[in-house]
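Work through the exercises below with the sequence and the 3D view at hand. Each task is followed by a solution in steps.

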Amino acid sequence: MSHTRSMCKTLLLGVSMLMVATCCIAVNAQLLKGTRFLYGPPMVAVSQLGLDADVTARNAMAVDGSSNVYLTGSGTVGSAGADWLTIKYNASGVEQWRAILNGRGNNTTTDEARNIMLGPDSNPEVVGSSSLLAAGGRRCTAVKYDAATGKELWRYWPSLPAATPAWSESLCFGMAINSAGNVLMVGRTREQFNFGNADIYVAKISATGSLLWHQTLANGAYAPGIVAPNTISAGSDDLAAFVTVDSSNNVYVAGRTQESATNYVWAIFKIAATGGAPSWRTNVGGSGDSRVRGVAVDAGATQVAVVGSRESRPG
């Protein structure tokens, strides 16, 4: 069956949810490919990294004002699954420190760091998921490190929001840091007995590592409008991997939601800075597998830009 895919689609939204314009762009960014930072021997030679297997994921990087580079992802240490691996290199590519996070479950469930950013104090902060129980089950996790030494300053994993049936785990992929140093992390929660049922998850963590608020955003085919927080949307497989904040620290979340067995659409939310209440939500659809790849808001907080792919299948 023939179908068409728009690989790079940018949507510009007014903050009042009015569509202003659409356009197509092409992006091809392979940061530092071929250099020693990401793909050179120090990152793939197991003996040099002191790991028991190859680095399984190099997920994100950040660069500070002195051209120091921070990389984060996952690597296998021992025989109990992959752990977080965060490494700092100086401007010459010489390793300064590394930090390994092994989830409390210490099992074969993968602990995976997915994103890294520098806070207002220039210390690196990492978001991902880590195991909490030996029997499995992961939680979204945020960690702050000291930039000079790699010492862990704090670690926080929010408990699961209450829901019926219960959520079994949360997985986080995207992050933002606002002007106060608070961390926003987004991902998904999954149902205990039905991993195909997942909702968008967003949490706000204080600059000192405590929970300010968190919630799930039920948004699938059975939730056509803004619904009560922490209510599971029946049958939908939703997730968010991108988040940003405006000058007033309001939060913008971009992900995708499932509307039918084969149809996923973009889901875009604005969330109040205090309390986490959704201000608005809009869906942007095709008729196939649509995916968001980024979100940004302008300096005046009047327009939101979202980029990704939208697929259309003949009906």
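**Exercise 1. A bridge partner**

Which residue in strand 8 is the bridge partner of Met-117?

Solution. The model is a predicted one, in which local features need pLDDT of at least 70 and side-chain atom pairs count only at pLDDT 80 or more, while totals for chains, interfaces and linings use all residues. Residues are numbered from 1 along each chain as its sequence is written, and side-chain values use heavy atoms, with hydrogens and water left out.

Step 1. Helices (H or I, at least four residues) and strands (E, at least two) are DSSP runs, numbered from the N terminus.
Step 2. Strand 7 and strand 8, the latter covering residues 124-131, are paired in the antiparallel sense over 6 bridges. Two strands pair if DSSP finds at least two bridges between them.
Step 3. The partner of Met-117 in strand 8 is Glu-125.

**Exercise 2. The sheet around that bridge**

Give the strand order of the open sheet and name its edge strands.

Solution. 
Step 1. The open sheet has 4 strands in the order 7-8-9-10, with antiparallel pairing.
Step 2. Strand 7 (112-118) and strand 10 (152-156) are the edge strands, each pairing on one side only.
Step 3. From one strand to the next, the twist averages 20°; axes here are lines fitted to C-alpha atoms, for helices over the stretch in contact, and angles run from 0 to 180 degrees between N-to-C directions.

**Exercise 3. The disulfide**

Find the cysteines that form a disulfide and state its handedness.

Solution. 
Step 1. A disulfide is a covalent bond between the sulfur atoms of two cysteines. The rule applied is a pair of cysteine sulfur atoms within 2.5 Å, and the count comes to 1 disulfide.
Step 2. The pair is Cys-140 and Cys-172, with sulfur atoms 2.2 Å apart.
Step 3. Because the torsion about the S-S bond of Cys-140 and Cys-172 is about 90°, the disulfide is right-handed.
Step 4. Cys-140 belongs to strand 9 (residues 138-145) and Cys-172 to strand 11 (residues 167-177), so the pair ties together parts that are 32 residues apart in sequence.
Step 5. Cys-140 and Cys-172 are both buried; buried means under 20% relative accessible area, exposed over 50%, partly exposed in between (1.4 Å probe, protein chains only).

**Exercise 4. The whole chain**

How many helices and strands are in the protein chain?

Solution. 
Step 1. The protein chain holds 2 helices and 20 strands.
Step 2. Of its 315 residues, 52% count as buried.
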